[in-house]
Amino acid sequence: MTFSSFDHECMALALTLAARGINSTRPNPRVGCVLARDGRVLATGWHVAAGSAHAEVVALESAGGDGQGATAYVTLEPCSHHGRTPPCVDALLAAGVNRVVCAMEDPNIRVNGAGRRRLQQAGVQVDCGLMATAAEELNAGFLMRMRSGRPWVRVKLASSLDGRTALSNGVSQWISSEASRADVQLWRARSCAILTGIGTVLADDPALTVRVKESTLQPMRVVADTHWRMPPSSRVLREPASVVIAGSQEHAIPAALVASGVECLALPEVDGRIDLHALLRALAVREINEVQVEAGADLCGALLKATLVDEIVLYQAPVLLGEGGPGLFNLGVLESMRDRTHLRVVETCYFGVDMRLRLRPIPDQPGSGNTGG
């Protein structure tokens, strides 16, 4: 299918609209819609929050129901099932839209091509695949949950130039600049959950909350705590947001933790720590799309070794912290250069004096024979 320049303009606008819901639509995907006819935009819409009208319905209402003969540009295949709201396909057909351009099909088992087929059966032309890569990026977490049964896992780290995340005495505030820390808040705001380890809680007593004016949703806080050492007085439990403590089913949950009312998720153990695959599957059941990991080298390393890291956001400050401090990932001792973990740089930019790197692991790279200087 060849798309026109006007098609591209309309889909680009739809994607921009969809991104407005970056912090608010969870657990739903971020979706935008543009209605156009005869080379002119009639109306636009975007999905604001779960339970509110979907982007297609918002656009149609903005057009006063005037969709006769129009083209709807949607960043995700229109839904064809009753969820929290009625099917968008019904609204598009009732409005008389004669063409739908969607960036990609919806892998949700309740949709998964059904919306496209219903439209086509009713005589509507449906063209998919326009700017699909951008649409995938926008909803990486939702798509991962639908396709793989686990959330998208993003590891956030801050380090010195010599790869330390703290001094040898454990002091880490502050390695990164104020501008970097403000950017971290934006990443937190878009996340459904923040995952940390009990070591971080005991050492730093973090709140792990979002401090962004535009954000009205607080992510779930999840603590990996194999031996149920979570202090009931910790800040994580005092802040107004849902909390899950994930521990081993091989150990008894302390009465004080049970009395605190926090959700205690008992999981199987693997090599003396909780099964991280099981943890992520459990979070997917709770409709968690994106998990941001803010933890120490042990948990970050365990996730990486389990091939459960999808993205790394690293803030590298132009400072040197010297010997003895913790590193980024505890991966054990590597015996061969063939065992290196290869990463692809997705983006580099600066916040204050710090460089922010976004990286993604390259699958199936060990043993590739790539060499470094």
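Visitor: Which residues is Ser177 in contact with, leaving aside its neighbours within four places in sequence?

Guide: Contact means heavy atoms within 4.5 Å. By that rule Ser177 is in contact with Phe351, Gly352, Val353 and Asp354. Before we go on, this is a predicted model, so local features need pLDDT of at least 70 and side-chain atom pairs count only at pLDDT 80 or more, while totals for chains, interfaces and linings use all residues. Residues are numbered from 1 along each chain as its sequence is written, and side-chain values use heavy atoms, with hydrogens and water left out.

Visitor: Is Ser177 buried or exposed?

Guide: Buried means under 20% relative accessible area, exposed over 50%, and partly exposed in between (1.4 Å probe, protein chains only). Ser177 has a relative accessible area of 15%, so Ser177 is buried. You can find Ser177 in the loop between strand E6 (152–159) and helix H7 (178–190). Helices (H or I, at least four residues) and strands (E, at least two) are DSSP runs, numbered from the N terminus.

Visitor: How do I read the side chains along a strand?

Guide: In a regular strand, side chains alternate between the two faces of the sheet. In E6, Trp152, Arg154, Lys156 and Ala158 point one way, Val153, Val155, Leu157 and Ser159 point the other way, and all are buried.

Visitor: Which strands are joined to E6 by bridges?

Guide: Two strands pair if DSSP finds at least two bridges between them. E6 runs parallel to strand E13 (residues 290–293), with four bridges joining them; there, Val153 has Val291 as its bridge partner. E6 also runs parallel to strand E14 (residues 311–316), joined by six bridges, and Val155 stands opposite Ile312.

Visitor: What about empty space?

Guide: Rolling a probe the size of a water molecule over the atoms shows where empty space is left. On a 1 Å grid over the protein atoms alone, a cavity is a set of points where a 1.4 Å probe fits but cannot get out, and a pocket is an open set with protein on both sides within 12 Å along at least five of seven lines; lining residues have an atom within 4 Å of a point. Grid points are joined across faces, edges and corners, and a volume is the space filled by probe spheres set on the points. The largest pocket has a volume of about 1300 Å³.

Visitor: Which element gives the most to the lining of the largest pocket?

Guide: That is H7, with six residues. The lining has 48 residues, and Thr200, Asp204, Glu294, Ala295 and Gly296 lie nearest the centre of the pocket.
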